[in-house]
Amino acid sequence: MRARPVSPSLLVEELADRIASAPRDSWVRVAVDGAPPTRPQGLADELVTPLRVRGREVLRVSAADFLRPASLRFEFGRTDPDVFYAEWLDTAGLTREVLGPLEPGRTGKVLPALWDSARDRATRAAYVTLPPGGVTLVDGPLLLAHGLPFDLTVHLSLSPAALLRRTAAEEQWTLPAYDRYEREIEPSRTADVVIRMEDPRHPAVITQG
């Protein structure tokens with residue numbers, strides 16, 4: 001693998017160019033995947049304005065708003081890494097309410113948030129209709145593990161040592177899930193775009209070869 005250093009601002013512009021180069025007669029479903037220390041939500045947020053400047057409507061969605069109810073997430077305790085890996089995300093809900101309606105020939109009518117995990121109840125979000133050519137940016141961890149129908153996947157990568165160092169003590173029980181993710185999914189090989197985030201001030205785009 002080769003690492004090409006890039007400034008954070010140039011990274012955003014390059015990603016926006018790539019996303020905006022997709023055909024304008026269909027929707028573009030983009031995953032911004034990464035463990036919390038890589039701040040995938042921050043990169044997804046930063047892409048909104050550049051994409052709109054390029055003539056694309058944008059909808060922001062967070063996987064955190066598509067978690068399963070607490071009774072299911074915590075059925076085997078609050079710190080089970082295997083359940084975190086495989087069961088926390090409501091993949092059926094995310095597909096039904098966001099990704100499925102953006103398939104070719106569908107309506108484009110999307111529910112941007114389904115479950116308020118802090119209150120452990122359904123949100124009161126309203127449906128929105130994304131016009132053809134619009135972009136949905138979905139941020140979250142472990143997004144490539146579930147076979148979700150994204151059109152472009154961006155993975156924010158950290159070495160195990162950096163992930164350990166930058167993960168808060170109360171969240172380190174999740175680290176075995178990320179180890180499993182690396183073993184089973186190999187996101188640094190399977191994602192369309194891989195960005196090394198050892199130092200968020202100095203990202204690097206990773207290419208094969």
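Analyst: Let's begin with axes: these are lines fitted to C-alpha atoms, for helices over the stretch in contact, and angles run from 0 to 180 degrees between N-to-C directions. Helices (H or I, at least four residues) and strands (E, at least two) are DSSP runs, numbered from the N terminus. Keep in mind that this is a predicted model, where local features need pLDDT of at least 70 and side-chain atom pairs count only at pLDDT 80 or more, while totals for chains, interfaces and linings use all residues. Residues are numbered from 1 along each chain as its sequence is written, and side-chain values use heavy atoms, with hydrogens and water left out.

User: What angle and axis distance describe the packing of H1 and H2?

Analyst: The angle is about 65° and the axes are 9 Å apart. The crossing of H1 and H2 is right-handed; that label goes to a near helix turned clockwise from the far one by less than a right angle, and left-handed to one turned anticlockwise.

User: Which residues of H1 and H2 meet?

Analyst: With contact meaning heavy atoms within 4.5 Å, H1 brings Val12, Glu13, Leu15, Ala16, Ile19 and Ala20, and H2 brings Leu43, Glu46, Leu47, Pro50 and Leu51.

User: What makes up the contact of H1 with H2 by class?

Analyst: There are 9 nonpolar residues, no polar ones and 2 charged ones. The sorting goes like this: Ala, Val, Leu, Ile, Met, Phe, Trp, Tyr, Cys and Pro count as nonpolar, Asp, Glu, Lys and Arg as charged, and the others, Gly among them, as polar.

User: Why is the pair of arginine 4 and glutamate 14 called a salt bridge?

Analyst: The label needs a side-chain nitrogen of Lys or Arg within 4 Å of a carboxyl oxygen of Asp or Glu. For arginine 4 and glutamate 14 the closest N and O atoms are 3.0 Å apart, so the pair qualifies. Arginine 4 sits in strand S1 (residues 2-5) and glutamate 14 in helix H1 (residues 8-20), 10 residues apart. A search of the whole structure turns up 14 salt bridges.

User: What ties H2 to S3?

Analyst: Aspartate 45 and arginine 60 form a salt bridge, their closest N and O atoms being 2.8 Å apart. Aspartate 45 is in helix H2 (residues 40-53) and arginine 60 in strand S3, so the pair ties together parts that are 15 residues apart in sequence.

User: What puts the buried residues of H5 on the same side?

Analyst: In helix H5 (residues 91-99) the buried residues are Gly93, Leu94, Glu97, Val98 and Leu99. They cover an arc of only 150° around the axis, which puts them on the same side of H5; that arc is taken from the directions from the helix axis to the C-beta atoms. They pack against strand S2 (28-34), strand S3 (58-62), strand S4 (109-110) and strand S8 (135-140).

User: What makes the phi of arginine 39 and leucine 142 worth a look?

Analyst: Most residues other than glycine have a negative phi. Arginine 39 has a positive one, near 55°, and leucine 142 has a positive one too, near 60°. Arginine 39 is in the loop between S2 and H2 and, at 48% relative accessible area, is partly exposed. Leucine 142 is in the loop between S8 and strand S9 (152-157); with 3% relative accessibility, leucine 142 counts as buried.

Methods. Buried < 20%, exposed > 50% of the residue type's maximum accessible area, 1.4 Å probe, protein only.
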